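Please keep the structure open beside you as you read.

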Amino acid sequence: MKIDILTLFPETFSYLNESIIGRAQKSGALEINVHDIRNYSTDKHKKCDDYPFGGGAGMVMMPQPVYDAINAIDPRHESIRIFTSPKGKTLSQGLVCELAKSKNLLILCGHYEGIDERIIELCIDLEVSIGDYVLTGGELPAMVITDAVSRYVSGVINENSLQEESFSSNLLEYPQYTRPQDFKGVKVPDVLLSGNHAEIEKWRKQKSLEITKKNRPDLLK
Ligand code: ADE
């Protein structure tokens with residue numbers, strides 16, 4: 001999968017060069033390209049924002065640099081084009097799976113008070129929010145989307161992890177333990193040391209139900 005990220009702050013994306021996503025890029029399972037929108041500005045000072053028509057607080061991202069960037073990077077519109085915005089559709093594991101079916105994604109990071117609406121109208125397929133709170137910019141949401149989608153790309157993680165994890169069956173994941181068997185007086189549940197796989201399975205299902213009931217009862221409805 002190829003993911004193009006368009007941002008005014010490309011340095012923030014170094015996180016994606018670490019750990020699992022970093023390794024997936026090195027192995028070729030994943031191609032992530034971070035593009036600086038400022039490079040596409042025709043303004044002599046590389047200006048990318050301006051005051052909103054009609055007045056109001058803050059600055060708005062200008063259409064020209066973004067429009068030219070998108071059309072240079074995805075000229076035949078082969079990517080699902082996403083804009084990160086608190087006004088968007090809320091990201092869920094279901095939406096992550098849908099996005100993972102695409103060969104190419106383009107993620108445009110919002111900033112300032114918003115973006116000229118004509119960019120949404122002319123260029124964007126989907127606005128995505130990562131939750132009901134407002135961040136200072138779309139860079140963290142772009143990393144969240146990239147990370148969550150990348151996990152479904154073949155060769156990025158062990159496929160068994162996808163089956164057992166939280167949300168895969170509308171239940172949150174059961175607790176995990178590793179060595180030592182006794183840590184500060186708290187013991188690993190006996191059943192996990194029993195070698196009885198049917199019992200372990202039963203215990204895990206029960207724990208999944210308990211934690212879902214406690215933290216996310218809405219998932220059980
Ligand atoms: N930009 C600011 N807040 C956001 C959010 N919650 N989701 C996506 N993009 C955002």
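## Around the ligand

In this predicted model, a polar backbone atom of Gly131 sits 3.2 Å from a nitrogen atom of the ligand.

| Residue (backbone atom) | Ligand atom | Distance |
|---|---|---|
| Gly131 | nitrogen | 3.2 Å |

How much of the ligand does the protein bury? Taken alone, the ligand exposes 260 Å², and 96% of that is buried by the protein. The space that the ligand takes is the largest pocket.

Now for the shell as a whole. Besides Gly131, Tyr133 and Leu135, the residues surrounding the ligand include Thr84, Ser85 and Pro86, and also Val128, Ser129 and Ile130. Val134, Gly137 and Pro141 belong to the surroundings too. Sorted by class, seven of the shell residues are nonpolar and five are polar, while no charged residue takes part.

Which strands supply at least two residues each to this shell? They are strand 5 (80-90) and strand 7 (126-129). Strand 5 gives the largest share, with three residues.

## Along the chain

Stepping back, the domain assignment divides the chain into domain 1 (2-159) and domain 2 (164-220). Their centres, taken over C-alpha atoms, are 36 Å apart.

Two backbone details deserve a look before you close the viewer. Most residues other than glycine have a negative phi, and most peptide bonds are trans. The peptide bond from Arg179 to Pro180 is cis, its omega being near 5°.

Where do you find these two spots? Asn170 is placed in the loop between helix 6 and strand 8. Pro180 lies in the loop between helix 6 (159-164) and strand 8 (182-183).

Technical notes: Residues are numbered from 1 along each chain as its sequence is written. This is a predicted model: local features need pLDDT of at least 70, side-chain atom pairs count only at pLDDT 80 or more; totals for chains, interfaces and linings use all residues. Side-chain values use heavy atoms; hydrogens and water are left out. A residue is near a molecule or strand if one of its heavy atoms lies within 4 Å of it. A polar contact is a pair of N or O atoms within 3.5 Å; within protein, one must be able to donate a hydrogen and the other to accept it, and residues adjacent in sequence count only if both atoms are side-chain atoms. Accessible areas come from the Shrake-Rupley method with a 1.4 Å probe; for residues, only the protein chains shown count as cover. On a 1 Å grid over the protein atoms alone, a cavity is a set of points where a 1.4 Å probe fits but cannot get out, and a pocket is an open set with protein on both sides within 12 Å along at least five of seven lines; lining residues have an atom within 4 Å of a point. A molecule sits in a cavity or pocket if more than half of its atoms lie within 2 Å of its grid points. Helices (H or I, at least four residues) and strands (E, at least two) are DSSP runs, numbered from the N terminus. Ala, Val, Leu, Ile, Met, Phe, Trp, Tyr, Cys and Pro count as nonpolar, Asp, Glu, Lys and Arg as charged, and the others, Gly among them, as polar. Domain bounds come from an automatic or database domain assignment.
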